[in-house]
Amino acid sequence: MTADIVRYLTHPQVQIDPDVPVPQWGLSPVGRARTETLTQAGWLANTTQIISSGERKAIETAGIIAGPLGIMIEIREAMHENDRSATGFLKPAEFEQVADRFFAEPHLSVRGWERAVDAQARIVREAEAVLARKRPGDILFVGHGAVGTLLFCHFAGHPIDRVHDQPAGGGHCFALARQDRSILHAWCRMEEIAS
């Protein structure tokens with residue numbers, strides 16, 4: 001019997017629309033196609049729980065994966081991305097600068113964004129609440145890059161630092177052993193997950 005694995009998957013590419021609030025963005029055709037390729041992935045075979053953020057792009061990603069597995073997704077609203085509503089949509093170059101500061105100054109609210117330390121405490125609390133159930137099988141969390149990185153830093157024992165962020169483009173996953181929370185692999189593209 002293999003030990004249960006916990007995976008955190010970030011949604012892949014989204015349809016960017018500056019006129020729509022970011023939490024309501026859906027997957028782009030590329031993001032949807034990438035997710036659809038996972039439906040036959042062997043590493044999903046032992047998944048018994050799929051937990052999604054309440055944001056549309058995460059729900060769409062989770063739904064595509066859950067359907068063929070016959071699993072209902074569970075939505076946990078508090079698993080949302082770090083709260084960036086103070087600035088709304090930022091053009092890519094400006095967004096990257098603010099995101100750099102978010103990770104570099106975790107105890108400060110950068111331009112009104114949720115502090116990294118608070119976002120980390122929130123995502124860790126949500127993950128641990130699910131893990132505490134002790135239901136058998138693998139768990140797949142579907143969420144976002146920044147809070148996913150904060151969760152990775154927590155389980156890996158790293159200080160908050162953007163050096164641990166997922167590569168650009170989304171659709172990346174890290175995994176840990178459920179029993180002792182040890183990291184099994186760092187971020188890798190969802191198409192490259194072997195086990």
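Q: What volume does the largest pocket have?

A: Rolling a probe the size of a water molecule over the atoms shows where empty space is left. In this predicted model, the largest pocket has a volume of about 1,100 Å³.

Q: Which residues lie nearest the centre of the largest pocket?

A: They are His11, Trp25, Glu81, Arg84 and Phe95, out of 42 residues that line the pocket. Two elements, helix 3 (92-104) and helix 5 (145-156), each give two or more residues to this lining. Helix 3 gives the most, with six residues. By residue type, the lining divides into 18 nonpolar, 14 polar and 10 charged.

Q: How many aromatic pairs does the structure hold?

A: The structure holds eight aromatic pairs. One of them is formed by Phe95 and Trp113; it is tilted, with 5.8 Å centre to centre and 45° between the planes. Phe95 lies in helix 3 and Trp113 in the loop between helix 3 and helix 4 (116-131), so the pair ties together parts that are 18 residues apart in sequence.

Q: Is Trp113 buried or exposed?

A: Buried means under 20% relative accessible area. Trp113 counts as buried because its relative accessibility is 2%, whereas Phe95, at 22%, is partly exposed.

Q: Which charged end sits over the ring of Trp113?

A: That of Arg84, at 5.2 Å from the centre of the ring.

Q: Which residues form an aromatic cluster?

A: Tyr8, Phe152, Phe174 and Trp187 form one cluster. Within it, Phe174 and Trp187 make an edge-to-face pair, 5.1 Å centre to centre with 85° between the planes. Both residues are buried.

Note on methods: Residues are numbered from 1 along each chain as its sequence is written. This is a predicted model: local features need pLDDT of at least 70, side-chain atom pairs count only at pLDDT 80 or more; totals for chains, interfaces and linings use all residues. Side-chain values use heavy atoms; hydrogens and water are left out. On a 1 Å grid over the protein atoms alone, a cavity is a set of points where a 1.4 Å probe fits but cannot get out, and a pocket is an open set with protein on both sides within 12 Å along at least five of seven lines; lining residues have an atom within 4 Å of a point. Grid points are joined across faces, edges and corners, and a volume is the space filled by probe spheres set on the points. Helices (H or I, at least four residues) and strands (E, at least two) are DSSP runs, numbered from the N terminus. Ala, Val, Leu, Ile, Met, Phe, Trp, Tyr, Cys and Pro count as nonpolar, Asp, Glu, Lys and Arg as charged, and the others, Gly among them, as polar. Rings of Phe, Tyr and Trp (its six-membered ring) pair if their centres lie within 6.5 Å; planes under 30 degrees apart count as stacked, over 60 as edge-to-face and the rest as tilted. Buried means under 20% relative accessible area, exposed over 50%, partly exposed in between (1.4 Å probe, protein chains only). A charge sits over a ring if NZ of Lys or CZ of Arg is within 6 Å of the ring centre and within 35 degrees of the ring normal.
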